[in-house]
Amino acid sequence: MSKPLPPTMSFDEFDEINSPRPEVTGFDVVADKFLSRRSFLRGSLAVGASAFVLGTGSLVGRDAQAAASWLTFEPVAANSKDAITVPKGFSSHIVARWGDPLWSGAPEFDHASRGDGASSAKAFGDNNDGMELYTTADGRSILAVNNEYTNRSITYGNRESKLPENADDVLKGKNLHGVTVMEVAEQGGKWGIVKGSYYNRRITADTPMAITGPARGHDWLKTAADNTGTLSLGTWNNCGNGTTPWGTYLACEENFNGYFSSSDKEATPPAAFKRYGIKHKDWGYAWATADERFDWSKHPNEPNRAGYVVEIDPMDPNSTPKKRTALGRFKHENAEVVVASDGHVVVYLGDDERGEFLYKFVSAGKYVEGGDNANLLEDGELYVAKFSDNGTGMWVHLTPATTGMASKAEICIHTRMAASAVGATTMDRPEWVAANPMKAEAYCCLTNNKNRGVKPNAGGDATPVNGPNPREKNNYGQIVRWAPTDGNHSSAAFEWDLYVMAGNPTVHADAYAGTSNVTADNMFNSPDGLKFDSKGGLWIQTDGNYSNAKDFAGQGNNQMLLGNTATGQIDRFLVGPNQCEVTGLAWSADKKTMFVGIQHPGEKGDSNWPEGGDAVPRSAIVAITRDDGGSIG
Ligand code: FEO
Ligand code: CA
Ligand code: CA
Ligand code: CA
């Protein structure tokens, strides 16, 4: 059985310890570079960073008069309450919690056992993350939601070891992962699950899927279970999401590596495993103990069937999900889809690991309204971002010629190595990308990177500070934005600036205080979820340090803020319960309800949200409405 996640360690901290590292870092070389770079930056970071941001002062400068967002509210204060806080004049209620049954015959959540394999397959999964709401022709609301992972100490809190102890425990874990599709409806002012709806569906770590695109049928995807390389089983660690203009849902596979292990401790892993963080031990999920395909010493190609974007038709519960290899294989955060002005479909994609990259897919075909767009994500070109310090940037085409790799299929399977080969810009953990519906520009949360300027990424690429990642040991994060040349998202060139650098102006007076649009009243750390509403408001969700101490003093629990992209003003709208992450955002068709995801409350043991008392903490979706019944999106 694998080493457990220590109960006092967050997922992020565990990820850091388990992230792949070069065997030899050349400590002296790194230290020299770090020290000389730091002394250079002490002077120039303040100049470089502030000059850049202040250079766009008309965009990012603070202007109290011009700053009001389209939604009027009195910002909420930071706090460390085990509750949801929303502004006066707004209300919230629970829509669905981990373990809530989707069918009337299925049992209610049992706080003692926390469910089993069978009940978990018939319930809303755990740790909800990205989500989207779809509306049927007859006006029904269908919510598609990622269930990213499980907190082992909570899921298996009924076990002495706080870990899976038998095959059904493992099945429970697998069934709590994946995607939940469920009809939701409002009754008496409260939204809830429509049990037994035709649309309700659980997609789990065992659901059959088709592999599509350039890598379909490639030798590296052939396994004992499927010797054609065209099928796979299941999806897991689905983090952010995307949605297409043709009505499909995109679930993005992020830390897929942490589920694989090797029963043969002496087995030599394939070379590519190191870059993707696949090791002899898993992260405590123990799936290989009950399902041999997660034992890579026996099935070395199985990990190659994970790490993709999965396209799902939420309207057809019998449809087969499609893994879209054309969008590359890495630790996908979300997939932001825009139709470029020339008609090609562009998908922006972040790879969330320290020093990894930001990508863009451009479809071969063009979007035709009302036409057959179902396979636009099957074929296209992949690009990676290269930022220049002068505020310009290029999307570098990943091809056999530019990368030296043998085929497009190999680029789609070993995408990280392809991007390293062209010298892409190492980033501070790209999380969600959001495209502005009002103008041709896009934003990406770079959540934090304590290794910036300290050590290379998992591929050995050096990570000195650079334009959009200007602070070494970056523990606060920033949001970069770019505007494509000619307002066309499929253009190869763009201009960029920083919308905000998070920080703490009550603790620091240098670049770690953040940009001028960060104040003692709105400060936050580790921006992660990001989405525009239909009126151009930029909603920022955080997944950061909630200690409320030292560098993070005064920042309280994780939160959600509303940003004005024209003025730079950012106002805190919501504070989540203890030890949660706020992630995932969707709106009802009439925009009068906003659905917000609360993930991993009490991940270190300090929450009983939402039920209170001594209840098991449960990830959940909350609905937020205006007391005056007005629009909230
Ligand atoms: Fe699952 Fe990068 O957050
Ligand atoms: Ca998450
Ligand atoms: Ca995230
Ligand atoms: Ca995060």
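The model is predicted: local features need pLDDT of at least 70, side-chain atom pairs count only at pLDDT 80 or more, and totals for chains, interfaces and linings use all residues. Residues are numbered from 1 along each chain as its sequence is written, chains are lettered from A and ligands numbered from 1 in the order written, and side-chain values use heavy atoms, without hydrogens and water.

- E333 lies in strand β13 (residues 332-339) and E431 in strand β18 (residues 430-435), 98 residues apart.
- Strands (E, at least two residues) and helices (H or I, at least four) are DSSP runs, numbered from the N terminus.

**Salt bridges**
- The structure holds 35 salt bridges.
- Each is a side-chain nitrogen of Lys or Arg within 4 Å of a carboxyl oxygen of Asp or Glu.
- E431 also bridges to R429, with the closest N and O atoms 3.7 Å apart.
- K88 and E74 meet at 3.3 Å, N to O.

**Buried or exposed**
- Buried means under 20% relative accessible area, exposed over 50%, partly exposed in between (1.4 Å probe, protein chains only).
- E431 counts as buried because its relative accessibility is 2%.
- R429 is buried because its value is 6%.
- Both K88 and E74 are exposed.
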